[in-house]
Amino acid sequence: MVSKKFDVEDIQLLMSKHNNIRNLTVIAHVDHGKSTLTDTLVRMAGISSKERFTDATKEEQDRGISIESTGVSLYFELPEDAHPLPSNSDGSAFLLNLIDSPGHVDFSSEVTAALRLTDGALVVVDVIEGVCVQTETVLRQALSEGIKPV
């Protein structure tokens, strides 16, 4: 995912390029891989090598589920042959602010709060189980907040 080693200065520079910032919430049914996807991206970016970076509280670790939303900023640079770049972007480097949201219905207020902070939703669907009840619920939440799911 990361095409070069990045540092704090790279992130700070991108924070001043508002057209190069993307804010996304990862949504899905419980246990469909939201945290696994986010944790994998965090490891690929070299931010942490922890297996469960996003489940930070002891309760989350003990229960093996996300209870609170967790945000992380990732540096991403589009390859030079990626065409076209977004018309209003300033270069090919982007800051992805990613929020890993809980999937359990008991924590739907966390999902709503996360969606209200973002521009889009990344929908994860388990390839075996397919679309489940909570998948539909979080999609409805996203749409009701005016969020475009991808």
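**View 1. Thr70 is a buried residue.** With a relative accessible area of 17%, Thr70 counts as buried, because that word means under 20% relative accessible area, while exposed means over 50% and partly exposed is in between (1.4 Å probe, protein chains only). Keep in mind that this is a predicted model, where local features need pLDDT of at least 70, side-chain atom pairs count only at pLDDT 80 or more, and totals for chains, interfaces and linings use all residues. Residues are numbered from 1 along each chain as its sequence is written, and side-chain values use heavy atoms, with hydrogens and water left out. Thr70 sits in strand 2; helices (H or I, at least four residues) and strands (E, at least two) are DSSP runs, numbered from the N terminus. If we skip its neighbours within four places in sequence, Thr70 is in contact (heavy atoms within 4.5 Å) with Thr54, Leu98, Ile99 and Asp100.

**View 2. Here is Gln61, in helix 3.** Helix 3 covers residues 58–63. Gln61 has 46% relative accessibility, so it is partly exposed. Now look for Ile147: its C-alpha atom is 30 Å from that of Gln61, and the two are 86 residues apart along the chain.

**View 3. The largest nonpolar core has 16 residues.** A nonpolar core is a set of buried Ala, Val, Leu, Ile, Met, Phe, Trp, Tyr and Cys residues joined through side-chain atoms within 4.5 Å. In the largest one, Leu74, Tyr75 and Leu98 touch the most other members. Two or more residues each come from helix 1 (8–15), strand 1 (21–27), helix 2 (34–44), strand 2 (70–77) and strand 3 (93–100). Another core, of seven residues, lies apart from it and includes Val111, Leu115, Ala121 and Val138.

**View 4. This is the largest pocket, with a volume of about 150 Å³.** On a 1 Å grid over the protein atoms alone, a pocket is an open set of points where a 1.4 Å probe fits, with protein on both sides within 12 Å along at least five of seven lines. Grid points are joined across faces, edges and corners, and the volume is the space filled by probe spheres set on the points. Lining residues have an atom within 4 Å of a point. There are 15 of them here, and Asp31, Lys34, Ser35, Arg52 and Ser66 lie nearest the centre. The lining splits into three nonpolar, nine polar and three charged residues.

How values were computed. Nonpolar A, V, L, I, M, F, W, Y, C, P; charged D, E, K, R; others polar.
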